[in-house]
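Subject: Structure handover

Hello,

Here is the structure for you to look over. My notes come after it.

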Amino acid sequence: VMFSVQRALHSLNIFRWKKRSKSSLTDVFLNGEDLEIELPDYHKAPSTGSESPSGLLDGDTLNSEPIEDLDLFFERVYSYYCDKGLWCIIIKWIFELLSLAFTICFSGFFLLFVDWNGLRNAKCGMDAVESGIKPCDLSKEALHQHPLTPFTISRAIIVGYLGIFSIYWCFCFLRFFAQLKETLKIRRFYYN
């Protein structure tokens, strides 16, 4: 029995933490003793004549207008940062305008100029050679010479579609210049 009690006490001693000794720095602070710490001698960095970064404390003023909408301003600054600068923003806008113009022209060409029935029934290439017919001119067979001559309701809808998207393209083109003005202000803010 005695041996098992000693064994149990020994196993409990394993789980006890050893008492840490106090450090001399802790003793100094707790006892209120004065502690002298040597610090290197720091000097001011040499200046270029002005004590303030941009000379604002020397009487110069920052030439900036007050910000009217601070949320919009920070949104534009963050957008400028995320878009990686002025030239990346301009190139992105130009490609957006070009892709929209291409979509309008491409859809206008395929919806108005291409004669889909004529293209389906045209005997050109190998079909013409196999049937013994003279090969056709595909541009004359598959394209309308005058795309609006039988002005039907479906063509009116297509012209309306192209007109609406052309107006939208003009709006985007004008918005490009309005946004460019604001982006130049943000660029000036970044550099100054």
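Below is what I found, starting with the salt bridges.

This is a predicted model. The structure holds three salt bridges. One of them pairs E182 with R76, with the closest N and O atoms 2.8 Å apart. E182 sits in helix α8 (residues 153-191) and R76 in helix α3, so this pair ties together parts 106 residues apart in sequence. E182 is partly exposed, at 23% relative accessibility. R76 is also partly exposed, at 32%.

E182 forms a salt bridge with K185 too, at 3.8 Å between the closest N and O atoms. These two residues are three apart in helix α8, so about one helical turn separates them. Shared partners join R76, E182 and K185 into one network. K185 is partly exposed, with 31% relative accessibility.

K92 and D83 also meet through their side chains in a salt bridge, 3.6 Å from N to O. Both count as partly exposed: K92 at 36% relative accessibility, D83 at 25%.

Next, the surface. E68, D69, D71 and E75 form a negative patch there. E68 lies in the loop between α2 (24-31) and α3 (70-82). E68 is exposed, with a relative accessible area of 83%.

Last, the annotation. An unreviewed UniProt entry gives "transmembrane region" for residues 93-113 and 156-178. In the model, residues 93-113 are 100% helix and 0% strand, with the end C-alpha atoms 29 Å apart. Residues 156-178 are likewise 100% helix and 0% strand, and their end C-alpha atoms lie 33 Å apart.

Best wishes

Definitions and conventions
Residues numbered from 1 in each chain as written. Predicted model: local features only at pLDDT ≥ 70, side-chain atom pairs only at ≥ 80, totals over all residues. Heavy atoms only, no water. Patch = residues over 30% accessible without salt bridge, like charges linked within 9 Å, V, L, I, M, F, W, Y side chains within 5 Å. Areas by Shrake-Rupley, 256 points an atom, 1.4 Å probe, with all protein chains shown as cover. Salt bridge = Lys/Arg side-chain N within 4 Å of Asp/Glu carboxyl O. Lys, Arg positive; Asp, Glu negative; His and termini not counted. Charge placed at Lys NZ, Arg CZ, Asp CG, Glu CD. Helix = DSSP H or I, 4+ residues; strand = E, 2+ residues; numbered from the N terminus. Buried < 20%, exposed > 50% of the residue type's maximum accessible area, 1.4 Å probe, protein only. UniProt positions renumbered as here; feature names shortened; annotations may be inferred.
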